[in-house]
Each structure stands twice: as C-alpha cells, then as structure tokens.
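Hello,

Please find the structure below, with my notes on the side-chain contacts and the surface after it.

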Amino acid sequence: MEPGKSGIRKRSAKGAVKGTPRRAPIAKPSRSTPRAAPAAKPARPKLLASADLSHSLGYRIRRAQLWVFKDVRRRLAAFDISPAQFSVLSVIEANPGVNQLTIAQSLSIERAGLGRLVDHLERRGLVQRSASAINRRYYVLYLTGAGAALLGRLRPAIAASEKTLAAKIGPRAFKELQRALSIFLEDS
C-alpha cells in the first residue's frame, strides 16, 4: 500500500467507486403491447370429464349437496345468516336450554367452531348464553325474542329453497329422496 493511502476507495459525486469500471444501467423491458383492461367477469370454466366420478353415488350426492347449499346460502344472505347459523338457531329453538357441546355433537360441528358461531349469534342479539345451573362448566343457550323472530322469517326462505329443489328433480323424486336419506338422520 502506498504511503498516505488508507486502503479505502473514494466514491465520486455520482456514487461510483474510483478505479472500478462503470456498469451499464439495467434497462427495464419495454411493453410492446399496452395492458388490456380487466375483463368484467371471466367465463365459467367448462366442467372436466370425470369418468368414474360421474357414476359414483357419493359424487352425485356431493354435487347435490353443493347445489342445495349454494341455493340456501344465496337465500339466507339477505338476512346475513349462514346455513350453519340457521341450523344452530333451529336446534336451540327446538331445545331451549341446550348446552353447546350437545349442539356441536348433534350438528357435527367442532366445539371451537361452534363457540365462534355462538359468539357471533350472541353479539347480534339472537342467542342468549348463560352458565348451566346443573353443571357450571357448560353454557346453555336460549333464543332471544329477536332470534325467534328472525328464525320465523328464515323458514320461508328455506321452504322456497326446498320447493326449488323439488321442481328441479320432480315432486315424487323429492319425496323419495327425503325418505331414502332419512335413514342417515339416526347416524351421527
């Protein structure tokens, strides 16, 4: 090292280190075509062929369930209620003072998920939750007046959804389907 030099390279006014070769600036790629405006709504994708699935009863039941839930969800959206919330309100109405664990088991809802669902219904003033007099570790649930009134307004929406399903598959097939699937009401 030469005397008087500290070994630190000095930068020029433009920020380049003296004694190093200058690099060419990196050019951004140019757009040869202007951006297209976003499409209003993409076209619905065509369903893929599902050779074995389309013959499976389980697959057909699942497709029917998706159709029914979509229709019910659409009808309940006007009331800001989900199908699961409707089910919980219905069970509470039929079983005043029922505990949360029993509802979770009856509807096959995880306890934590049911807790959040009940919290939401309670914040909306539709459900009243209180400690059980029999077992203080459990909460029991009751519909409020607002909850009962809302449930009364929801029932026609559910009935309309079932009427639409009956029209889609035919009234006779609808009754047969209800009868055939009733065997699963006992299994939980």
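**Salt bridges**

Asp80 and Arg124 pair through their side chains in a salt bridge, at 4.0 Å from N to O. This pair ties together distant parts of the chain, 44 residues apart: Asp80 is in the loop between α1 and α2 (83–94), and Arg124 is in the loop between α4 (111–123) and β2 (127–131). Arg124 is partly exposed, with a relative accessibility of 32%. Please keep in mind that this is a predicted model.

The search of the whole structure gives 7 salt bridges. Another of them joins Arg75 to Asp71, with 2.9 Å from N to O. Here both residues belong to helix α1 and sit 4 residues apart, about one turn of the helix. How do the two partners compare in cover, buried or partly exposed? Asp71 has a relative accessible area of 7%, so this residue is buried. Arg75 reaches 21% relative accessibility and therefore counts as partly exposed; the cut-off for buried is under 20%.

A salt bridge also forms between the side chains of Glu122 and Arg129, again given as N to O, at 2.9 Å. Glu122 is partly exposed at 31% relative accessible area. Arg129 counts as buried because its relative accessibility is 18%, and buried means under 20%. As for shared partners, salt bridges connect Asp71, Arg74 and Arg75 into one network.

**Aromatic rings**

Arg129 has a second contact to report: this residue lies over the face of Tyr139, 5.7 Å from the ring centre. How many aromatic pairs does a search of the whole structure find? The count is 0.

**Nonpolar surface**

Which residues make the nonpolar surface patch? They are Leu57, Ile61, Ile169, Leu177, Leu181, Ile183 and Phe184, and the patch covers about 670 Å². Two elements, α1 (57–77) and α6 (171–181), each give two or more residues to this patch. Ile169, one of the patch residues, lies in helix α5, which spans residues 145–169. With a relative accessible area of 36%, Ile169 is partly exposed.

For viewing, I would start with Asp80 and Arg124, the pair that links the two loops, then go to Arg129, which has both the salt bridge to Glu122 and the place over the ring of Tyr139.

Regards

How values were computed
Residues numbered from 1 in each chain as written. Predicted model: local features only at pLDDT ≥ 70, side-chain atom pairs only at ≥ 80, totals over all residues. Heavy atoms only, no water. Phe/Tyr/Trp six-rings, centres within 6.5 Å; stacked < 30°, edge-to-face > 60°. Lys NZ or Arg CZ within 6 Å of the ring centre and 35° of its normal. Patch = residues over 30% accessible without salt bridge, like charges linked within 9 Å, V, L, I, M, F, W, Y side chains within 5 Å. Areas by Shrake-Rupley, 256 points an atom, 1.4 Å probe, with all protein chains shown as cover. Buried < 20%, exposed > 50% of the residue type's maximum accessible area, 1.4 Å probe, protein only.
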